[in-house]
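Welcome! Try each task before you read its solution.

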Amino acid sequence: MTADPPLALDVDGTLTRPDSWGLDPRIFDALRAWDAPVVIATGKAFPYPVALCHFAGIPERVVAENGGVVYTGEEIFVTADRDGARAVLEDYRAAGYGLGWKGADTINRWRETEIAVAREQPLEPLREIADAHGLEVIDTGYAYHVKDPTPTKGDGLETMAEHVGFDLADCVAVGDSINDVSTFEVVGRSFAVSNADEAAQAAADEVLEAAHVDGTLAVLERVQGTGLERE
Ligand SMILES: O=C(O)COP(=O)(O)O
Ligand SMILES: [Mg+2]
């Protein structure tokens, strides 16, 4: 029997609706029907992709916080610490800036290894301060992430593949931004949705014609049943 290939899917810009914010509901059935490991690889804090898997009714296999936290469904790996990002935030605040999130900042509340800053905040001083602390700022198009240059989503995916027991050469990835480049570098087949940023488009094996979840659903249709032969 031919199986489906393992998947590594980004969330924002990749599983979301083209016209507005939030997941496109069509993705739930597609993920649930998938006959191979599905890894949600995101820059979002750990609980978000766990909840996505939970409500989609699929095993919880997540690479969160751009690789800082990996949950294989059995074991949690936290491979970065947050002290550096905290120090950057302190200096950024001392310079008169802030995180920029409204309400109780649920974006960062459960984040364990990095800090996300709203994109309305000034980027240059954040970059300068992060640089002075040996950290980087990546702009996903949804937030500025203050993080260690490693681990990356790709590193997290390697941990996942090793523990779940699939081959990354068989894995298909879809993403939309610079934080997906490391994913694209470690998988067998990579696709950037048409709304992807320059870095993701350049790194992907193929840039799709369709945007957001329409692009992702088109990939799923195309690669379904193209995994390894199984007994
Ligand atoms: O958290 C972000 O900024 C983007 O999230 P994503 O990696 O799922 O697209
Ligand atoms: Mg994204």
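Domain bounds here come from an automatic or database domain assignment. This is a predicted model, in which local features need pLDDT of at least 70, side-chain atom pairs count only at pLDDT 80 or more, and totals for chains, interfaces and linings use all residues. Residues are numbered from 1 along each chain as its sequence is written.

**Exercise 1.** Find the domains of the protein chain and describe the contact they make.

Solution. Start with the division: domain 1 covers 7-78 + 151-223, and domain 2 covers 83-147. Next, look at their C-alpha centres, which lie 23 Å apart. The contact (C-beta atoms, placed from the backbone, within 7 Å) takes 15 residues from domain 1 and 14 residues from domain 2.

**Exercise 2.** Locate Asp10 and decide whether this residue is buried or exposed.

Solution. Then count: Asp10 is buried because 29 other C-beta atoms lie within 10 Å, and buried calls for 20 or more, whereas exposed means 12 or fewer and partly exposed is in between. Now list its partners: leaving out residues up to four places away in sequence, Asp10 touches Ala41, Thr42, Val174, Gly175, Asp176 and Asp180. Finally, check the record: UniProt, in an unreviewed entry, places the feature "active site" at Asp10, though such annotations may be inferred rather than shown by experiment.

Note on methods: Chains lettered and ligands numbered in written order. Contact = placed C-beta atoms within 7 Å.
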